[in-house]
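Colleague: I've got this model open and would like to go through some side chains with you. Can you take my questions one by one?

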Amino acid sequence: MIFVKGAYRRLFIYMLKRFAFLFLLVMLYLPLFGQNTVDRNSSLNIFNKGIRLLESNNYAAARSSFEQYLKTEPSSEMMAEAKYYQAYCAMMLFNDDAEYLFENFVAEYPSNSKSMMAYYELGNYYYRNNKFKETISAFEKVKAYNLSPEQRFELKFKLGYSYFNLKKFEDALANFKYSLQAENEFQGASAYYAGFIEINNENYEDALTYLKIAEEKDTYKNVVPPMITMIYYGLKDYDRVISYAQSVFMDGRQVKNVGDMEIMLADAYYFKKDYRNANRYFESSLERKGGKSTTQILYKAGFTAYELSLIHIS
């Protein structure tokens, strides 16, 4: 019986010591656990601060916040997101390392959902810097379903413009046509370049269709009239040269390269033997050009003035 009591006593002392040891461990690690929680909350605050700054277009401060976050949380599950936003801020700031940061992000996180957007932003970066081959390479990797409708129109226009600058006109035309499907920010520019390409392809009816769309936009309404007039003139449709050009002039538009338009209008009147109107526009055009033109135009202008003088004499 004494032995049993002694055994219980020893077991009690053992359990007491073990409990004391475990209690001590908990007390030692509890501050560390609390500290980790505080650190994690602090890091999350830094990340969220970066997001707020990004949303307010304060890219320099936002980049600083994301870089601070990456230093404090190098193994966080939000590290990829922080690196993406770091690269995005660098791009918006025109920082020299923007390309490097985006390329590193794509290489490090190829399956991340933001990788597709990274290619989109990288393509925009290349486009801004007139790196058209690189623009095409980046944009061709973007999946359209990751983009909003407006972003798709933008991407297609920029792809088209990049191909256009590389003189790959068929590829350019295919992309420009996409932006002609609906009203959007890039519709006018797409129509203008599509019209230009179709003029070179001698597809004049298609060219007219595209240029008429461009003409409806404020940016191009004073740019395309000489091109449309040139198409009618090239088709020797002098009636349409006259009716279209006169409608533009009656609108009082400040047409660019109006002298070229006046020459074609004057020549149309010349072929119609309307020497009074032909003389009017030959004189106006030559005055704008300082009396300089081709030998053929100068001859026609002189002949028109001569015919007009005969009319006055008679």
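Colleague: Which residues does Gln-246 touch, not counting residues up to four places away in sequence?
Modeller: Keep in mind that this is a predicted model, where local features need pLDDT of at least 70, side-chain atom pairs count only at pLDDT 80 or more, and totals for chains, interfaces and linings use all residues. Residues are numbered from 1 along each chain as its sequence is written, and side-chain values use heavy atoms, with hydrogens and water left out. Contact here means heavy atoms within 4.5 Å. On that basis, the residues touching Gln-246 are Leu-265, Tyr-269 and Tyr-281.

Colleague: And with which side chain does the side chain of Gln-246 make a polar contact?
Modeller: Gln-246 sits in helix α12 (residues 238–250); helices are DSSP runs of H or I, at least four residues, numbered from the N terminus. A polar contact is a pair of N or O atoms within 3.5 Å; within protein, one must be able to donate a hydrogen and the other to accept it, and residues adjacent in sequence count only if both atoms are side-chain atoms. At 3.1 Å, the partner is the side chain of Tyr-281.

Colleague: Is Gln-246 buried or exposed?
Modeller: The cut-offs are under 20% relative accessible area for buried, over 50% for exposed and partly exposed in between, using a 1.4 Å probe and protein chains only. Gln-246 has a relative accessible area of 18%, so it is buried.

Colleague: What does the side chain of Thr-229 reach at 2.8 Å?
Modeller: Thr-229 belongs to helix α11 (residues 225–234) and is buried, at 0% relative accessibility. Beyond its neighbours within four places in sequence, Thr-229 contacts Val-241, Tyr-244, Met-261 and Met-264. What its side chain reaches at 2.8 Å is the backbone oxygen of Pro-225.

Colleague: Which residues have the most contacts inside the largest nonpolar core?
Modeller: A nonpolar core is a set of buried Ala, Val, Leu, Ile, Met, Phe, Trp, Tyr and Cys residues joined through side-chain atoms within 4.5 Å. The largest one has 92 residues, and its largest share, 10 residues, comes from helix α3 (residues 79–92). Phe-66 has contacts that include Ala-82, Tyr-85 and Cys-89. The residues with the most contacts inside the core are Phe-66, Phe-102, Phe-176 and Phe-282.

Colleague: Which residues are joined with Arg-63 into one salt-bridge network?
Modeller: A salt bridge is a side-chain nitrogen of Lys or Arg within 4 Å of a carboxyl oxygen of Asp or Glu. Arg-63 meets Glu-67 at 2.6 Å, N to O, and both lie in helix α2 (residues 59–72), four residues apart, about one turn of the helix. Arg-63 also forms a salt bridge with Asp-97, the closest N and O atoms being 2.5 Å apart; Arg-63 is in helix α2 and Asp-97 in the loop between α3 and α4 (98–108), so this pair ties together parts 34 residues apart in sequence. The residues joined with Arg-63 through shared partners are Glu-67 and Asp-97.

Colleague: How many residues apart in sequence are the parts tied together by Asp-267 and Lys-300?
Modeller: These two form a salt bridge, with the closest N and O atoms of Asp-267 and Lys-300 3.0 Å apart. Asp-267 is buried at 1% relative accessible area, and Lys-300 also counts as buried, at 8%. Since Asp-267 lies in helix α13 (residues 258–271) and Lys-300 in helix α15 (residues 295–313), the parts they tie together are apart in sequence by 33 residues.

Technical notes
Helix = DSSP H or I, 4+ residues; strand = E, 2+ residues; numbered from the N terminus.
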